[in-house]
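I opened the notebook to look up a few features of one protein model. My entries follow in the order I made them.

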Amino acid sequence: MTLPLFQSITLPDGIKYEQPTGLFINNEFVASKNGKTLDSINPETGDVNATIHCADEDDVDIAVAAARTAFKSWRNTTGVERGEYLYKLAAIMEEEKEVLTSLEAWDSGKTKTLNAVGDVQECIDVFKYYAGWADKVQGRVIQNDPKKLAYTIHEPYGVCGHIIPWNYPLLMGVWCLAPALAAGNVSIIKSSEFTPLSLLYLAKLFEKAGFPPGTIAILSGYGKDAGSALAGHMKVDKISFTGSTATGKLIQKAASNNLKAVTLECGGKSPLIVRADAEIDQAVKWAAQGIFINQGQVCTSTSRAYIHESIYDEFVTELVAHVKEEFLQGSVYEDDKMVGPQVSKVQFEKILSYIDIGKKEGARIALGGERNTEKDMSKGFFIKPTIFADVKPDMRIVNEEIFGPVLAVGKFKTDEEALEFANQTEYGLGAAIFTRDIAIAHNMARDIEAGMVWINSSNDSDYHIPFGGVKASGVGRQLGDYGLEHYTQAKAVHVNIGTRL
Ligand code: NAD
C-alpha cells in the first residue's frame, strides 16, 4: 500500500488538522523516490504519531536540482520583496499558532503552555526580525586610491543545507531558514527523524505565503542517509548544522569535498558559578530554570553548578525545595506542568545510564535520580528532575553532555578554582556567573571559555543577540546581524576610474 501524502489528525486537546506526510519539494508534497518511510513516536505514550515519507540520497538530489533552479530567480528578488514574503509567513503562522503549538508539544514532548507556546512565538518573531533585515544587506565602498573605486557586494551563497536536532524542532529550523532566505539564499532543511511533523506543517505555510517553488525544501529523513547526502552534496554551497559535537565533526568532514561554508552549533556542558556574595534566591531560580526547562534538552543548559563552599549547603537545600515546588512533571497538555517526557526511548535510556554512572561514581542524589512512573507517566519517557550533589571534577557526569534533566552540583573555594572548573571540559557554549561584584563579574566573563556568558541569569536567549559556542561547541554564530553575516559572502569589485596603467 502506498502511503498517503496527508493524514487527518485529532490532537489530544481536540485540535483537528491535516498533517502533511510527504517530502516538500518544489512547493509540493511528494512521496520519497524509493518508497522509504519513518515513524514519528509520541514521547508521552511510546505510540506512533504518524508514518511519513523518508528521504534518502536520491530525494536530496531532486531537492538540490529544484533549489538550484529556484536560486536563479530568487537571487534577483529585491530585499523588500524577500522581506514581504517573510512578513507574510509570520502573519500566517500567527493565524496557525494553536495548531503549531499543540502539534509541537505532541510530537516532541515539550509541555504545551509553559514551553511550546514560547517556541512558536519566537519562530514568528524571528521571521519578522529577519524580514526587517532583508533590505539592509549591504556592502561597502572602500577608498584608498583616488583613481580607483572599490566596493563589496554581500552575495548569498546559493543553496544552503540545514540539518537540525529534535529539541526545538521548529525553532532550530527557523533560526537557519529566516536569515538564509532574507539574505537571498534558497534552503533545503532536514528535520530530525525524531520530530519531523511540525516542520512539515510549516512547509504548508511557506506555500501559502507564496514563496516561489524550490525556494524551500523540507525533507524528513535519517542523518546517515539524507543528512550525510546533504552535507556532502557537491551542489550545496553552505551547510548549517545544529546537533551533537560527534555529528558536527562528520558534517565538517563531509562538507570539505567542495569546501562548503560551514556553521556548526554543537553540544555543551555549561557551568553556572555562584559566588558567596550572590543573591541566593535569584541564583536558585535561574539554576533550576537553566537545567530543567525543556527537560534539560537544551544545548546551553547550565548542567553543572559550582557553589562557593560558604553557601553550598544552603544553596542545595533551597534549590531542591524550589524544583520540587515549581518544576512539576506530567502530560504536555496539563497547563501547570513544566517538565514533560524526554524526546525518545534512546535519549531516555542514555540519561538513565548517566544517572547510574553518577551513582556509581559516588555523587549524592539530592533529588530524583529515576524514571517517573506515577499516574500515566509509566508509558512514556519521563525522568524525574535530578540533582547530583557533592560531585568531583573528574566525574563523567561533570564532563560529558547528558542532555537531560540532570544537574551536577559541586563546591569551590576561590574564584581561580571556579574558573578552572568552568573551563575544564571540551565544550564552550554558555556560562553563568552569580555575584553582586560587577568588576569580578566582567573579569570572569572575559576569562570563561564560552560563546555566551550570563551575568546573574542563565539561558537568557534573545534573537537580537548572537548565539553560538567556542571549542567543541561550534563554529560561527546564529541570530542577530552576526547570524545574517554567515549567510552572505563579500565579493570585491575593483573599478579603474583614472589612468592607472
Ligand atoms: P545529532 O547530532 O544526533 O543529530 C542532529 C541532526 O544531525 C539530526 O537531524 C540527525 O538526523 C543528523 N545527523 C545524524 N548523523 C548524521 C550524519 N552522519 N550526517 C549528517 N547528518 C546527520 O543530535 P541530536 O541528538 O538530534 O541533538 C542533540 C544535540 O544537539 C546535543 O548535543 C545538543 O547540545 C545539540 N544542540 C546544539 C545546539 C546549539 O545551538 N549549539 C542547539 C540544539 C541542540
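Predicted model: local features only at pLDDT ≥ 70, side-chain atom pairs only at ≥ 80, totals over all residues.

**Entry 1: the record.** I noted first how to read UniProt: its positions are given in the numbering used here, feature names are shortened, and annotations may be inferred rather than shown by experiment. I then looked up the domain. UniProt, in an unreviewed entry, lists residues 29–493 as "domain: Aldehyde dehydrogenase".

Residues are numbered from 1 along each chain as its sequence is written, and side-chain values use heavy atoms, with hydrogens and water left out.

Over residues 29–493 the chain is 40% helix and 21% strand. The end C-alpha atoms of that stretch are 42 Å apart.

**Entry 2: the annotated active site.** Which residues does the UniProt annotation "active site" cover? The unreviewed entry names Glu265 and Cys299. They span 35 residues in sequence, yet no two of their C-alpha atoms are more than 8.8 Å apart, so they gather at one spot. From this set, Cys299 is in the lining of the largest cavity. A cavity, on a 1 Å grid over the protein atoms alone, is a set of points where a 1.4 Å probe fits but cannot get out; lining residues have an atom within 4 Å of a point.

Next I checked each residue. I found Glu265 in strand S13 (residues 261–265). Is Glu265 buried or exposed? Its relative accessibility is 4%, so Glu265 counts as buried. (Buried means under 20% relative accessible area, exposed over 50%, partly exposed in between, with a 1.4 Å probe and protein chains only.) Leaving aside neighbours within four places in sequence, the contacts of Glu265 include Phe241, Thr242, Phe467 and Arg477. Contact means heavy atoms within 4.5 Å.

Cys299 sits in the loop between helix H9 (280–292) and strand S15 (302–308). At 15% relative accessibility, Cys299 counts as buried. Strands of a sheet pair through backbone hydrogen bonds, either parallel or antiparallel. I counted a pair where DSSP finds at least two bridges between two strands. Here 7 strands form an open sheet in the order S16-S17-S18-S15-S14-S20-S21, with mixed pairing. The edge strands are S16 (364–367) and S21 (452–455), and each pairs on one side only. The twist averages 25 degrees from one strand to the next.

I looked at one pair inside this sheet. S17 (residues 386–389) and S18 (residues 406–412) pair in the parallel sense over 3 bridges. Thr386 has Val406 as its bridge partner in S18.

Which strands does H9 touch? H9 packs on the sheet against S14 (270–274), S15, S17, S18 and S20 (430–434). The direction of H9 makes about 140 degrees with that of S18. Helix H13 (residues 415–422) also packs on the sheet, touching S14, S15 and S18. The direction of H13 makes about 150 degrees with that of S18. For these angles, axes are lines fitted to C-alpha atoms, for helices over the stretch in contact, and angles run from 0 to 180 degrees between N-to-C directions.

Entry 3: I found 3 strands in an open sheet, ordered S7-S8-S24, with antiparallel pairing. S7 (141–142) and S24 (488–496) are the edge strands. S7 is joined to S8 (residues 148–156) by 2 bridges. Ile142 has Ala150 as its bridge partner in S8.

Ser8 stands opposite Glu18 in S2. The hairpin of S1 and S2 has 5 residues between the strands, and Gly14 there takes a positive phi near 95 degrees.

Entry 4: H5 (residues 171–182) has 12 residues and reaches 16 Å from its first C-alpha to its last, close to the 16 Å expected. The expected span is 1.5 Å times one less than the number of residues. How many residues of H5 are buried? The count is 12 of 12. Among them are Trp175, Cys176 and Pro179. Gly184 follows H5, with a positive phi near 100 degrees.

H6 (residues 197–208) has 12 residues and reaches 17 Å, close to the 16 Å expected. In H6, 9 of the 12 residues are buried, so H6 is largely enclosed by the rest of the structure. Its buried residues include Leu197, Tyr201 and Phe206. Just after H6, Gly210 takes a positive phi of about 90 degrees.

Definitions and conventions: Helix = DSSP H or I, 4+ residues; strand = E, 2+ residues; numbered from the N terminus. 1 Å grid on protein atoms, 1.4 Å probe; cavity = no way out; pocket = protein on both sides within 12 Å on 5 of 7 lines; lining within 4 Å.
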